[in-house]
Amino acid sequence: MKGLSVIDETDVGWDEHTPPNETVDADGNPFPSDRGFGVADPRAPKRREYDDPDVRRLRDHLRQHNGIHSLEICAPDEVERIARIFHRDGFVVVRDLLNTEQLERFCEGCARVLAQILAIGGTDGRKYTTETGRLPHRYSYGTSSASRQLMHDSTWASMIDLPTTTPILTGIFGSADYRVFGGGGDVCLPGAIEYQHLHADGSEPQVIPEGRAAQAKLLGVDVKEAADSSALDLHTQRLIMELTPPFVTINFLMSDATWENGPIRQIPGSHTSRQSPPTPAEEPEWMRLSTLVGAPAGAGVIRDNRAWHGATPNLSRQIRAMPNIEYVPSWHPAESSRKTMPHEIWETLSPHAQRICRLIKAEPGIWPAGAGEMHPLASGRKALYKKDMEATSD
Ligand SMILES: [Fe+2]
């Protein structure tokens, strides 16, 4: 997979030998009873072929209609506006988060790690092995890693504390007292013809520990002093939960989001919903078209992970990579953070990045199990993780 690029036109993808909606189990067997995250799209074209009539029809439709009308795109220094839109909609697009050098470095990292994922090849005439429990031609950098994160990768680690993103995160969280949980992201090959189902990432615990109320105060919520937090009125409780997401993710765009190359779709306001998003069969067309077309390369989509979102068809000839860094507020349970960042990577970071990565940093001399090992299949990742664990305990 030499010369792989996540920017240029490519021959990668469009494998007509991978049937639409095919997913695989932990060992790579197709069409398991438990599809995991590979929820089928009943409206997908019947063939994975660039010039297939169904694909052309979908392409024409997307050319005309894809994208949120009048999508707001902020400049990085509009911190107040960014935070306002983020809290209102559950996501916000900010351009120029990366400079040219950072964008190039991240593109190189995305291509390098994708090549590792694709290196295994496919079976029975397929070009690639689909990731366990996902739709074809779609991979998660995070879940394809045997450590579940890419915090061992200096490229990802170098994007944790940027002059553009840190003031924005501070505005969104209400202070600089947040932490890094991990990083990975999402990539799709050309020919990912299916819509990924709408979903939220992670769950909302629906609890208000002391730290969460304190964070809301910093964000301007009038939290009445009460000895017992259950004394908070419902309006206040709701405001606190709306404004203090348990996870905030920055997805960086390696290429312009176009109507054709699989722009992420986001449903405004859904971050506060306690309902489940519609299934692929019942999802209305306006939601399928609610995508971030127009967001340029180097921009970021800053997401409240509770907001409904999903990947969309990539009918182009360009890989669409969207690496990310995931942040959590100070009240996020410390025990859920895993030590996936090697000490020697942590040492290279800025003082602020070191502080916010303190709970994911491994001890000196301990290489985090699975770090650096990529595999599309869960069984492959498990074996690699185990091998690392055994090597560490020797
Ligand atoms: Fe997601």
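What follows is a look at the overall fold of the chain and at one of its strands, β7. The model is predicted, so local features need pLDDT of at least 70 and side-chain atom pairs count only at pLDDT 80 or more, while totals for chains, interfaces and linings use all residues. Residues are numbered from 1 along each chain as its sequence is written.

The chain comes to 11 helices and nine strands (DSSP runs numbered from the N terminus, with helices being H or I of at least four residues and strands E of at least two). Its radius of gyration, taken over C-alpha atoms, is 21 Å, close to the 21 Å from the globule rule for 394 residues, so the chain is as compact as a globular protein of that length; the rule itself is 2.2 Å times the number of residues to the power 0.38. Along the principal axes, the C-alpha trace spans about 65 × 55 × 45 Å. Buried residues (20 or more other C-beta atoms within 10 Å of their own, with C-beta atoms placed from the backbone) make up 50% of the 394.

Strand β7 covers residues 300–304, and five of its five residues are buried, so the strand is largely enclosed by the rest of the structure. G300, I302 and D304 point one way, V301 and R303 the other, and all are buried.

There are strands to pair with, too (pairing takes at least two DSSP bridges). Strand β2, residues 91–94, runs antiparallel to β7 and is joined to it by four bridges, with V92 partnering I302. Strand β5, residues 248–252, also pairs with β7 in the antiparallel sense, over five bridges; here V248 has D304 as its bridge partner.

Key:
A residue is buried if 20 or more other C-beta atoms lie within 10 Å of its own, exposed if 12 or fewer, and partly exposed in between; C-beta atoms are placed from the backbone.
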